[in-house]
Amino acid sequence: MIELLTETAIQEPQRIRGLEMPWNRVMGSTEAPARAARALGPWHPQEFMAECVETVPEAGGLMTFVFRRCDGAPLAFRAGQYVNIAFPVNGEDQDPVDRSYSLSSSPTQPWTFSISVKRDPAGLVSPWVHENVKPGTVLEMLGPVGAFHLPDADRRARYLLLAAGAGITPIMSMVRTIHSLPGQADVVVLYHGAEAGGFAFHQELAYIASVDSRVKVFYSLGDRSKPEGWEGLTGRLTTVMLDEVAPDANGRQVYACGPEGYLNTATELLKKVGVDDTSIYMEFFSGDRQTLLEYQAELAFAVDIAEEIAEEIADSAEDYYESQPTAFGLYEPGYDADGTLQATGLPLETADPDGPGSEAPEDGSGTAPEVDAPDASSFDTVGTGSLTLSFMRTGINVRIDPTEHILGAAQRAGVRIGANCKEGMCGSCKVVKLSGEVEMNHQGGIRAREIDAGKFLPCCSTARTDLVIDA
């Protein structure tokens, strides 16, 4: 019997052309039966509670945590997106600490969803997660968020997926999604790790590659020495390595996730092998960098999808969703020949968005508490416009037009506001409004309790009056 199986030729499956996500046709459908599937469409981020139902140890110091929504609804998301989770690391009576984690599961199985967290011994949150999150643990979440994801429909579906270390988590979601869908695809995965036994999901990746001819997986040990019995690649990412695993890289869409150094190198090497900027999508797993990378392709795609479904959402979604926008922006500081433009005035300090002055007032008014601050009338004033933004920590007044987004004007004036929007970390720019009114149109990244505490997202907010801002 074994001999007969060995000699029998196994034909390739016959498939439809390209890949299409299961919710894609629902977007444009007006048929009543299709409306039942709208719950599976990743329209907008939501706030929800989720219960951990399983933990799975992974190689490389990762732990996968499987969740289900407490309200019984599916979690609709796109492969590559992430959720923002509030962890009570300081106790239930203290403000939680928010962290964003990529979803490693497939959206084609939406009734449960997974995140995979790498333990950092020096970190604040990841050790707590590994030690405290168990089946039965309930956490507050916001999501899905992020423009780093597979398209809803792709007639060619030819991908090069690059991952280093914990950057495998959103890539794993993409691989699982493609494997679960019918259709023609050509996928090459190149996964860099630190040690031979440290590649997370390696057994599942080996299985998928063995049964799905559309997926090929390569491993590299970076600059480590080659251990005995190692059959994978060695060395850091090079053009030679890219040509070896994907000689047709310039005809593929490239999705890459990992540390800053790895992705900066990948960006340059991909250009050398002929990959156009519009075909490169990246997700950084590290912050606090000075980088001018922009993700025009991701942004354009996200805007197109949002505009496509805007009318349907307005007709069918609840008030919470109707208040959300159909687009979001990416911003960067102003620069001159000497570098980043800096403001004059008080010494600049790094502001903790969850630190003093950010808590909700005891009277429940929804306005941030008064803080001791210098008189803004003594600050230097820059810019032009009919309204004034007074940044109390920086010590500068910025004139702004009512149609201009606050973050862009602030950063050009040298105000230090953390903004990792271009890395997919929506919500990182939130600051506290001490007085005044803003109009905020956001796609997630801020919770209702934070808005009640006076916080707002300057990246997607315009000033309706003069503002005093704790930044």
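First, a term: a residue is buried if its relative accessible area is under 20%, exposed if over 50%, and partly exposed in between, using a 1.4 Å probe and protein chains only. By that cut-off Phe48 is buried, because its relative accessible area is 5%. Phe113, with 1%, is buried as well.

Some housekeeping. This is a predicted model, where local features need pLDDT of at least 70 and side-chain atom pairs count only at pLDDT 80 or more, while totals for chains, interfaces and linings use all residues. Residues are numbered from 1 along each chain as its sequence is written, and side-chain values use heavy atoms, with hydrogens and water left out.

Now the pairs. Rings of Phe, Tyr and Trp (its six-membered ring) pair if their centres lie within 6.5 Å; planes under 30 degrees apart count as stacked, over 60 as edge-to-face, and the rest as tilted. Searching the whole structure gives eleven aromatic pairs. In one of them, Phe48 and Phe113 have ring centres 6.1 Å apart and planes at 85°, so this pair is edge-to-face. Phe48 sits in strand S2 (residues 46–57) and Phe113 in strand S6 (residues 113–118), 65 residues apart. Strands here are DSSP runs of E, at least two residues, numbered from the N terminus.

Phe87 and Tyr101 are also edge-to-face, because their centres are 6.1 Å apart and their planes at 80°. Both residues, Phe87 and Tyr101, are buried.

Lastly, one aromatic cluster is formed by Phe148, Tyr159, Tyr255 and Tyr281. That is all from me.

Key:
Helices (H or I, at least four residues) and strands (E, at least two) are DSSP runs, numbered from the N terminus.
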